[in-house]
Amino acid sequence: MYESNEFEACGYKWKLIIYPNGDDRIEGNDYISVYLAIANDSSLPGGWEANAVFSFFLFNRLCDNYLVIRGQVRRFHKVKSKWGFSKFISHKALKEQSNGYLVDDSIIIGAEVFVVKSQGVGECVSMLEDIETNKHEWKISEFSKLGDSCYLKSLLLGITNGMSLMSEADSGFKFYRFSCTWKILLRPNSCVCQRDQSISIYLILVDAEGFGCRKRVKVEYTLFVKDQINGEHHKKDFSSWFSAVSDSLGLHAFMPQHELKDPKRGFLVKDCCIVEADVSIIGVVNGLT
């Protein structure tokens with residue numbers, strides 16, 4: 001076995017380990033075995049690791065070029081501090097004079113090393129044990145006078161000392177759980193091309209605008225249009241992840257206009273419509289830095 005002098009690349013010290021007669025521990029007989037190894041790994045901090053891409057070169061002195069053997073990305077660490085090829089080149093090919101590798105009983109061999117910067121991504125998932133459903137009722141008077149615009153109503157969900165609190169506020173109803181600010185969005189007419197066909201209702205996470213790219217909030221929620229006569233409400237259940245790129249979730253065609261306006265159904269009484277959102281925050285995902 002032969003070990004080269006140490007050389008530095010990408011902030012680490014390396015060395016080549018060559019077995020002229022092959023590494024017989026892993027069937028390297030009749031070949032030259034060549035490895036790249038971290039030099040003096042005892043001087044590195046605990047838990048060290050380096051992900052490296054490396055290539056070996058064998059110089060052809062007749063043609064003035066190289067035989068190149070390229071390796072894949074390998075993880076060097078305390079337990080596995082060397083990587084390479086047990087069958088780098090056969091003795092027969094090495095000794096063939098026309099190949100130009102062995103001249104005057106010597107060879108010229110080298111290595112190129114690139115260390116890949118670690119880019120690991122981690123996430124922390126927090127799932128709630130004591131899940132509470134927070135309800136918010138929105139009474140919309142003079143519904144028939146609403147135009148095609150979007151109408152919003154605010155509600156907050158948060159947490160304070162682990163207690164759920166509720167209070168009326170000018171902006172709507174406040175719940176304290178995870179300090180999330182929410183809004184209900186209502187479109188009386190889905191769009192110009194579907195005028196008088198359906199209404200749209202969405203739940204919007206206002207705080208999502210400031211979320212990082214990996215932060216998400218898991219929510220189970222139900223959106224209602226309430227039947228004020230018979231108690232047979234029109235409702236839809238959802239289970240969704242809210243994030244910066246998905247901050248508004250619901251249904252474009254939540255309820256047909258003809259059903260909403262049917263006086264026997266009780267959804268529109270004295271030109272008043274009641275929309276409700278029942279929201280439960282199940283968990284939160286945050287990216288690890």
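**Why these residues and strands are described as they are**

Modeller: Trp182 stands opposite Leu205 in β16, and the strands involved, β15 and β16, run antiparallel and are joined by six bridges. This is a predicted model, in which local features need pLDDT of at least 70 and side-chain atom pairs count only at pLDDT 80 or more, while totals for chains, interfaces and linings use all residues. Residues are numbered from 1 along each chain as its sequence is written, and side-chain values use heavy atoms, with hydrogens and water left out.

Biologist: What makes β15 and β16 a pair?

Modeller: Two strands (DSSP runs of E, at least two residues, numbered from the N terminus) are paired if DSSP finds at least two bridges between them. Six bridges join β15 to β16, and therefore the pair meets that requirement. β16 is also joined to β19, again antiparallel and by six bridges, with Ile201 standing opposite Leu251 in β19.

Biologist: What makes β16 count as mostly covered?

Modeller: A residue is buried under 20% relative accessible area, exposed over 50% and partly exposed in between, with a 1.4 Å probe and protein chains only. In β16, eight of its eight residues are buried. Ser198, Ser200, Tyr202 and Ile204 point one way, whereas Ile199, Ile201, Leu203 and Leu205 point the other way, and all are buried. In a regular strand the side chains alternate between the two faces of the sheet. For the chain as a whole, 38% of the 289 residues count as buried.

Biologist: Why is Ser240 called buried, and where does Ser240 lie?

Modeller: Ser240 lies in strand β18, residues 234-242, and its relative accessibility is 14%, so Ser240 counts as buried. Beyond the residues up to four places away in sequence, Ser240 touches (heavy atoms within 4.5 Å) Val217, Lys218, Val219, Tyr221 and Leu249.

Biologist: Why does Ser243 count as buried?

Modeller: Ser243 has 10% relative accessibility, and therefore Ser243 counts as buried, although Ser243 lies in the loop between β18 and β19 (248-256). Leaving aside neighbours within four places in sequence, Ser243 is in contact with Ala208, Phe211, Lys215 and Arg216.

Biologist: How do you know that β17 pairs with β18 and with β21?

Modeller: β17 and β18 run antiparallel and are joined by nine bridges, Tyr221 having Phe238 in β18 as its bridge partner. β17 and β21 pair in the antiparallel sense over ten bridges, and Leu223 stands opposite Ala277 in β21. β17 itself is mostly covered, with eight of its ten residues buried.

Biologist: What makes a group of residues the largest nonpolar core, and which residues have the most contacts inside it?

Modeller: A nonpolar core is a set of buried Ala, Val, Leu, Ile, Met, Phe, Trp, Tyr and Cys residues joined through side-chain atoms within 4.5 Å. The largest such core has 31 residues, and Ile201 and Val225 have the most contacts inside it. At least two residues of this core come from each of β11 (134-140), β15 (180-187), β16 (198-205), β17 (216-225), β18, β19 and β21 (272-288). β21 gives the most to this core, namely six residues. A second, separate core has 19 residues, among them Trp14, Trp48, Leu58 and Phe76.

Biologist: Why is Ala50 called buried?

Modeller: Ala50 has a relative accessible area of 1%, which means that Ala50 is buried. Ala50 lies in strand β5, residues 49-60, and, not counting residues up to four places away in sequence, touches Tyr12, Arg74, Arg75 and Phe76. The C-alpha atoms of Ala50 and Val116 are separated by 7.5 Å, although the two residues are 66 residues apart along the chain.

Biologist: How do you know that contacts join residues 24 or more positions apart in this chain?

Modeller: Among the contacts in the chain with a separation of 6 or more, residues 24 or more positions apart account for 63%. The chain holding these contacts has two helices (DSSP runs of H or I, at least four residues) and 21 strands.
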